[in-house]
Amino acid sequence: MGQGMDYIYSADNQTILIEVRQQNIRQDVIGQYIRCRKEKGLTQAELARRAGIPRTNVTRFESGTYNPSLEMMVRIASALDMHLDIRLAEKKQK
């Protein structure tokens, strides 16, 4: 494998770059948090106050430059009057 890149292999031996899949998932999750915050009419500062975390963490998370802990994601969800639902699911066969 080249220069620290992580690869996985699908059933048909096609190489898929994990980083690309992770980035897509991250962007989707970040987008969900931003939409919920805006729908609730909260600023980043207000959300941070309610979650008990620094506003800079919320700003960095929403910009994609911060990899939050599961605890922080749960705290933000709770501050949005929501819960975090994470599941593992079987891959869909083509």
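A surface patch here is made of residues with over 30% relative accessible area and no salt bridge, with nonpolar side chains joined within 5 Å. The model is predicted.

Q: What makes the nonpolar surface patch of about 290 Å²?
A: Leu70, Val74 and Ile86 make this patch.

Q: Why is Val74 called partly exposed?
A: Val74 has a relative accessible area of 41%. Buried means under 20% and exposed means over 50%, so 41% puts Val74 in between. Val74 is found in helix α4, residues 70–79.

Q: What makes up the buried part of helix α2?
A: In α2, residues 44–51, the buried residues are Leu47, Ala48 and Ala51. They lie on the same side of α2, because they cover an arc of only 100 degrees around the axis. An α-helix has 3.6 residues a turn, so residues three or four places apart point the same way.

Q: What follows α2?
A: Gly52 follows, with a positive phi near 70 degrees.

Q: Which residues have the most contacts inside the largest nonpolar core?
A: This core has 17 residues, and those with the most contacts inside it include Tyr33, Leu47, Phe61 and Ile76. Two or more residues each come from α1 (18–39), α2, α3 (55–63) and α4. The largest share, 5 residues, is from α4.

Q: Which residues does Leu47 touch, leaving out those up to four places away in sequence?
A: Leu47 touches Arg37, Leu42, Val58, Ile76, Ala79 and Leu80. Of these, Ile76 and Leu80 are also among the residues with the most contacts inside the core.

Notes. Residues are numbered from 1 along each chain as its sequence is written. This is a predicted model: local features need pLDDT of at least 70, side-chain atom pairs count only at pLDDT 80 or more; totals for chains, interfaces and linings use all residues. Side-chain values use heavy atoms; hydrogens and water are left out. Patches are made of residues with over 30% relative accessible area and no salt bridge: like charges are joined within 9 Å, nonpolar side chains (Val, Leu, Ile, Met, Phe, Trp, Tyr) within 5 Å. Accessible areas come from the Shrake-Rupley method with a 1.4 Å probe; for residues, only the protein chains shown count as cover. A salt bridge is a side-chain nitrogen of Lys or Arg within 4 Å of a carboxyl oxygen of Asp or Glu. Helices (H or I, at least four residues) and strands (E, at least two) are DSSP runs, numbered from the N terminus. Buried means under 20% relative accessible area, exposed over 50%, partly exposed in between (1.4 Å probe, protein chains only). The arc is that of the directions from the helix axis to the C-beta atoms. A nonpolar core is a set of buried Ala, Val, Leu, Ile, Met, Phe, Trp, Tyr and Cys residues joined through side-chain atoms within 4.5 Å. Contact means heavy atoms within 4.5 Å.
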